[in-house]
Amino acid sequence: MTGARYIESLRDGREVYIDGTRVDDVTVHPAFKDMIGELARCYDLQNSPAYRDEMTFVEPDSGVRTSLSWLLPRSAADLKLKRRNSELWNEFTWGQLGRSPDILAPYIISALHLKDAFSEVKHPRCDFGENLANYYRYCLENDIFLTHALGDPQVDRSTQPQNQQREIPEDEQVALHVIEETADGVIVSGGKQLSTAATHANDCYVALSATFAMRNDPRCVLAFSIPLASRGLKILAREPVSRWFGSWGHPLQMLDEQDCMLFFDRVLVPWDRLFMLYDATPMIKMLGAGGGSVNFNFLGWANLCRAYTRMKLITAVATMVAEAIGVIEYREVASKLGEMVTYCELWRHAMDGVEHEAGPTPSGQWSLGPGRGLHIWFAQTSGRMTELLREICGSGIIMQPSENDLANPEIRAYLDKYMRGKGVGVDYKSRLFRLAHELGASSFGMRQDIYEYWHGGDPARNRINLLRSYDQSAMRGRIEELLSRPLAHGTTS
Ligand SMILES: Cc1cc2nc3c(=O)[nH]c(=O)nc-3n(C[C@H](O)[C@H](O)[C@H](O)COP(=O)(O)OP(=O)(O)OC[C@H]3O[C@@H](n4cnc5c(N)ncnc54)[C@H](O)[C@@H]3O)c2cc1C
């Protein structure tokens, strides 16, 4: 994929709506073009002499040069290559893209690892495992940018997972479900809440989250991947974040990756794009993989790499802010910065640990060690880091002059005098604080915080699932043995 090819691939007639209006061409629409331009820049970088060898490889069977995001890891060295590729994607995008092309590729790779389990669910029209393998090749050879959609619309969670026990009439059904089977595929209708990047990804991998996989109505049990331009698929984009005047007013606004509702209205899913139908067993196995239950932990690795860049960014901005207003020597401030550095360091050690526990799987791929606890921990900790950033900034996080203020000679002298920092001019200080504002106070920053908390699914559910799969037997055995010993001093009768 190159930047130009990527932009061209989005001129596909997809049905996108924003603020009540249908979008003709996402690549030129003001709400989307900056994000698309950033990704095009990344695709060009991955093909540039500087990064080509660190971000792409030549796939031996096809001879195609493609992204390392699509490499099936078969050795510890492959894992290192993939980690470096993820680091670069995140350096280019400041660790802000939860749904970059690099982050969703592992979904197909992880599912492919369970190819045989997907094939075990039988259907006369297709072999689901073979479909996965063929789809993987298609993605690999074309460097496809995937997003995904897992959850049901937030209509009535009291029956969660929706449709579990009762038959819901067709016209009340909101969860995505099969309407009918045809010679070409299945016809599906229903909604998905939500799908980040659906405005500018190529395909959408539609499946079930750990919550929604536990349902009894087989019509709602399905997984597939189709182009976002599929007929009948309507994409509703939310209001853009961080739009304001001034070129440095919102320094990360070009990384607004959008979040969308998907409405499927009798969409055809071809037989060769279906990975699961009416039986969720393979999906439940795959979702369990993060805890090591099927010995292939890869799903969230690129996301862990992303989190590290984000943590280092927030910490460095907070440090530079503390220097710029002369508070870094204060014990309380330095201690808060130290807390942030502690998180960065813990994360680095933990990622090294996940790599250290890597090993081969029976199918010849190379799996990382378990990392589910890390995802949960970051959902809790990301918000703490932006809270610390806000505390260190004080009111400066909101009170900065704009670029136009600085250009106005009538007030410029006051800005130079009253809005400068310690050893730094007002221009530098305001740009630095606007970056802090973007991360910790703007609509962009709030969306990122909300994203970090929720994107991996409900953290409470994830903590409970981790507890249930956590082996405490050794320590419990020791405790039971301790408790069963006779009391040292006996008892009085
Ligand atoms: C910015 C952002 C981007 C996202 N991107 C994607 C994406 O690209 N693809 C994708 O598939 N998903 C995406 N998600 C969805 C994400 O996975 C969900 O937000 C998450 O799983 C929580 O579901 P929900 O938002 O429907 O909240 P709900 O499940 O409706 O939760 C609402 C409240 O009810 C509570 N609650 C719900 N059920 C129960 C229960 N059974 N018991 C007790 N309390 C309960 C929750 O804790 C919460 O407080 C994204 C979310 C956000 C915020």
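Author: The residues of the shell around the ligand divide into seven nonpolar, eleven polar and five charged, where Ala, Val, Leu, Ile, Met, Phe, Trp, Tyr, Cys and Pro count as nonpolar, Asp, Glu, Lys and Arg as charged, and the others, Gly among them, as polar. This is a predicted model, in which local features need pLDDT of at least 70 and side-chain atom pairs count only at pLDDT 80 or more, while totals for chains, interfaces and linings use all residues. Residues are numbered from 1 along each chain as its sequence is written.

Reader: What makes a residue one of those that surround the ligand?

Author: A residue is near a molecule if its C-beta atom, placed from the backbone, lies within 6 Å of it; 23 residues surround the ligand, and the closest are L150, T196, Y451, W454 and G457.

Reader: Why is the shell said to lie between two domains?

Author: Domain 1 (3-290) and domain 2 (291-473) both give residues to the shell, so it lies between them, with bounds taken from an automatic or database domain assignment.

Reader: What makes β1 and β2 a pair, and in which sense do they run?

Author: Two strands (DSSP runs of E, at least two residues) pair if DSSP finds at least two bridges between them; β1 (residues 15-18) and β2 have three bridges, in the antiparallel sense, and therefore count as a pair. Within this pair, V16 stands opposite V23 in β2.

Reader: Why are β2 and β8 called edges?

Author: The open sheet has the order β2-β1-β12-β13-β9-β8, with mixed pairing. β2 (21-23) and β8 (177-181) each have a single partner strand, so one side of each is left without a neighbour in the sheet.

Technical notes:
Helices (H or I, at least four residues) and strands (E, at least two) are DSSP runs, numbered from the N terminus.
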